[in-house]
Amino acid sequence: LQGLGRYEEAVQCYERALEIDPQLADAMRRSGVALLGSGKYKEAEAALRRASEAEPEHAGAWANLGDSLQFQHRYDDALRAYERGLQVNPDLPELLNNIGAAYRGKGDLKTAQRYFEGAFEVSPSLSSARINVANTRYSLGFIDEAIERHREILKLDPGSMSAARQILMILLYQPGLSPDALFEEHRDFARRYAYRGPPAPA
């Protein structure tokens with residue numbers, strides 16, 4: 001149910017499981033994640049606090065709790081939860097990536113960059129870390145490097161609309177870029193992602 005986006009139904013299933021076994025930490029955590037998906041961040045926080053207290057050696061529970069706090073823009077609280085997760089698993093790339101996002105939310109881009117790079121080093125296949133590194137380089141003023149990093153993402157994942165869109169957005173505000181060059185970038189984007197309609201009838 002949760003994988004289908006039916007979060008409320010998923011929460012109800014987890015609640016029934018907790019009625020049978022109130023100490024079932026996995027159900028607490030999964031309920032919290034489902035509540036996150038439905039945008040109920042305070043309720044998610046409560047469920048995930050119970051999960052992390054019930055199973056303090058589960059790095060994912062602390063990561064999920066940090067996410068619930070970050071969605072509420074409580075970045076310092078989120079960082080404390082993420083740090084607890086790092087004590088359990090210091091090389092969990094999703095945790096490093098999310099810590100970077102929290103520092104970015106606080107406006108500390110240099111520290112954010114360090115954590116995004118750390119997540120990428122641990123897991124080069126983590127696409128969100130790659131994109132975060134590129135976006136942060138742009139925010140720090142390294143325009144050409146940001147474009148090149150996004151192009152590297154597209155080489156590895158030609159279907160990454162996020163990377164292609166970021167290239168376009170950066171180029172739109174680049175002084176000195178010729179209209180012809182910008183047109184070619186837009187045409188390349190259209191070739192990659194344009195909707196071609198349903199298949200023709202046989």
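D77 and R80 sit three residues apart in helix α5, a separation of about one helical turn; helices are DSSP runs of H or I with at least four residues, numbered from the N terminus. The two side chains form a salt bridge, with the closest N and O atoms 2.3 Å apart. A salt bridge here is a side-chain nitrogen of Lys or Arg within 4 Å of a carboxyl oxygen of Asp or Glu.

The model is predicted, so local features need pLDDT of at least 70 and side-chain atom pairs count only at pLDDT 80 or more, while totals for chains, interfaces and linings use all residues. Residues are numbered from 1 along each chain as its sequence is written, and side-chain values use heavy atoms, with hydrogens and water left out.

**Salt bridges**

- Twelve salt bridges are found in a search of the whole structure.
- Side chains of opposite charge can pair when their charged atoms come close.
- R74 pairs with E45, the closest N and O atoms being 2.8 Å apart. R74 lies in the loop between α4 (59-70) and α5 (75-88) and E45 in helix α3 (residues 41-54), so this bridge ties together parts 29 residues apart in sequence.
- A network of salt bridges links K42, E45, R49, R74, D77 and R80.
- In helix α11 (residues 179-193), E184 and R187 are three residues apart, about one turn, and their side chains meet in a salt bridge at 2.7 Å, N to O.

**Accessibility of the paired residues**

- Buried means under 20% relative accessible area, exposed over 50%, and partly exposed in between, with a 1.4 Å probe and protein chains only.
- D77 is partly exposed at 26%, and R80 is exposed at 53%.
- E184 is partly exposed at 37%, as is R187 at 38%.

**Nonpolar cores**

- The largest nonpolar core has 29 residues, of which L65, Y82, L95, I99 and Y103 touch the most other members. Such a core is a set of buried Ala, Val, Leu, Ile, Met, Phe, Trp, Tyr and Cys residues joined through side-chain atoms within 4.5 Å.
- Two or more residues each come from α2 (25-37), α3, α4, α5, α6 (93-106), α7 (109-122) and α8 (127-139). Helix α5 gives the largest share, six residues.
- A second, separate core of twelve residues includes I153, L154, A164 and L171.
- Leaving aside residues up to four places away in sequence, L65 touches E45, L48, R49, S52 and A81, contact meaning heavy atoms within 4.5 Å.
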